[in-house]
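Please look through the model shown here. The paragraphs after it go through some of its parts in turn.

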Amino acid sequence: MKVYLIGVGMGNPDTLTVGAKRAIEGSGLLIGGKRLLEPFAALDCEKRELVLADDIAAALAGAACDQASVLLSGDVGFYSGAAKLYDKLAGCDVEVIPGISSFAYFCAKLRTPWQDAALVSAHGREHNAVGVIQSSAKTFCITGGKTKVSDICRELAARGMGELPVAAGERLSYGDERIVRGTAEEMAGMEFGDLAVMLVENPRPTRPACGAPALPDGAFERGKAPMTKEEVRALAIAKLRIEPDHVVWDVGAGTGSVSVEAARAAFRGMVYAVEKSPDAIELLGRNRDALGAANVLVVEGSAPEALEGLPAPDRVFVGGSSGQMCAIVACAARKNPHVRICATAVTLETVADLMACLRDNGVQGADIVQVQVARASEAGDYHLMRAENPVHIVTFEPGGAR
């Protein structure tokens, strides 16, 4: 049997290719969802309203005709049901005919190229659309199900990205097509239906400039808040092994130097900067905004109480514990038994607290290093090395390494 897998694009038959129309008109059996079959109601052939791959394969196996067409929404290569059919139709002569995708059509309407756009489907599946938007210069997103255009716009506004330009479209290619432009904040209150699409541009995407922390201490506004210095910061971020989509806690965030570096590493994730000092919180926010770390959320409060309402962390950095190290570790481990924690200590008392915490939690094989940095300073025509305080960096996983 000759079987055509046809991407019908947005559903309007006017956007079908000539080859797709010819295949459909020559088929004795049409299979697809109700919406996709409706435009071909007048064709004199059998029609089966099916969407599951096993049901489609069974219908084709029992068909009496020698040519059939399976209609698939959108394009056949972007979250399409075609992928599940290839192996099930191994005994058929299968030909795939792609349709005009919604992102190609929408970008054409907007008169903008899409070769540089990140693509996300938030239609009925797990997604991190906002994470992709905050780390990409241009993002195309299909929405639907539990996630609407307004949901994504509201989250963008909540993360300080409400000014980003957004274009949204629904009923594409039909007579009642609707395309709206505005900022994320403006469109957070607008209503859009299922199967709407959106294009978001971000002139300042959060991305690591290289494979390691790269910001000098001078990039941060200092004030009176404590700051983890550049060399220690680089080692701490390296020890944490942060991945792009991780959730990170920075406890005792101070100026936010570690928060911003972690945000650049977790450029599709989220960093929760926990700080109790009002002055430091204001400074932290300014550093976040100045350095474009939109995925840093400032949390005012003391640990461990301020940690209880946060999502489970993949990584935790503790730069200041105020004597609550064990409680902080216990909270993080309860939310994620496989969390990876890195803590720094300057005073011997903090080192003692850390060692007691490791012992009480039965942690074996913690990575413990001491780092001492000396900086050159001018003394007339000469340079002297002036030592900074030694810093202990302790990295461990309370539940054991995976």
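**Rings, a sheet and a buried glutamine**

Trp114 has a relative accessible area of 37%, so this residue counts as partly exposed; the cut-offs are under 20% for buried and over 50% for exposed. The structure is a predicted model, and the values quoted here are computed from it.

Trp114 has an aromatic partner. The structure contains three aromatic pairs. In one of them, the ring centres of Phe103 and Trp114 are 4.8 Å apart and the planes meet at 85°, so the pair is edge-to-face. That label applies because the angle is over 60 degrees. Phe103 belongs to helix 5 (residues 102-110), while Trp114 sits in the loop between helix 5 and strand 6 (118-123), so the pair ties together parts that are 11 residues apart in sequence. Is Phe103 buried or exposed? With a relative accessible area of 10%, Phe103 is buried. Ring pairs also bring Phe78 and Phe140 into a cluster with Phe103 and Trp114.

The charged end of Arg178 is placed over the ring of Phe192, 4.4 Å from its centre. Arg171 lies over the face of Tyr174, at 4.4 Å from the ring centre.

Five strands form an open sheet in the order 3-2-4-1-5, and their pairing is parallel. Which strands stand at the edges? They are strand 3 (46-49) and strand 5 (93-97); each has a single partner strand, so one side of each is left without a neighbour in the sheet. From one strand to the next, the twist averages 20°.

The partner of strand 5 is strand 1 (residues 2-7); the two run parallel and are joined by five bridges. Within this pairing, Lys2 is opposite Asp93 of strand 5. Helix 3 (residues 53-61) lies across strand 1, strand 2 (29-32), strand 3 and strand 4 (67-72). Relative to strand 2, helix 3 runs at about 175°.

The last stop is Gln134, which is part of helix 6 (residues 129-134). Its relative accessibility is 0%, so Gln134 counts as buried. What does the side chain of Gln134 join through a polar contact? The partner is the side chain of Arg159, and the contact is 3.0 Å. Setting aside neighbours within four places in sequence, Gln134 is in contact with several residues, including Arg159, Met161, Asn202, Pro205, Thr206 and Phe267. Also among them are Arg268, Gly269, Ala294 and Asn295.

Terms used: Residues are numbered from 1 along each chain as its sequence is written. This is a predicted model: local features need pLDDT of at least 70, side-chain atom pairs count only at pLDDT 80 or more; totals for chains, interfaces and linings use all residues. Side-chain values use heavy atoms; hydrogens and water are left out. Two strands pair if DSSP finds at least two bridges between them. Helices (H or I, at least four residues) and strands (E, at least two) are DSSP runs, numbered from the N terminus. Axes are lines fitted to C-alpha atoms, for helices over the stretch in contact, and angles run from 0 to 180 degrees between N-to-C directions. Contact means heavy atoms within 4.5 Å. Buried means under 20% relative accessible area, exposed over 50%, partly exposed in between (1.4 Å probe, protein chains only). A polar contact is a pair of N or O atoms within 3.5 Å; within protein, one must be able to donate a hydrogen and the other to accept it, and residues adjacent in sequence count only if both atoms are side-chain atoms. Rings of Phe, Tyr and Trp (its six-membered ring) pair if their centres lie within 6.5 Å; planes under 30 degrees apart count as stacked, over 60 as edge-to-face and the rest as tilted. A charge sits over a ring if NZ of Lys or CZ of Arg is within 6 Å of the ring centre and within 35 degrees of the ring normal.
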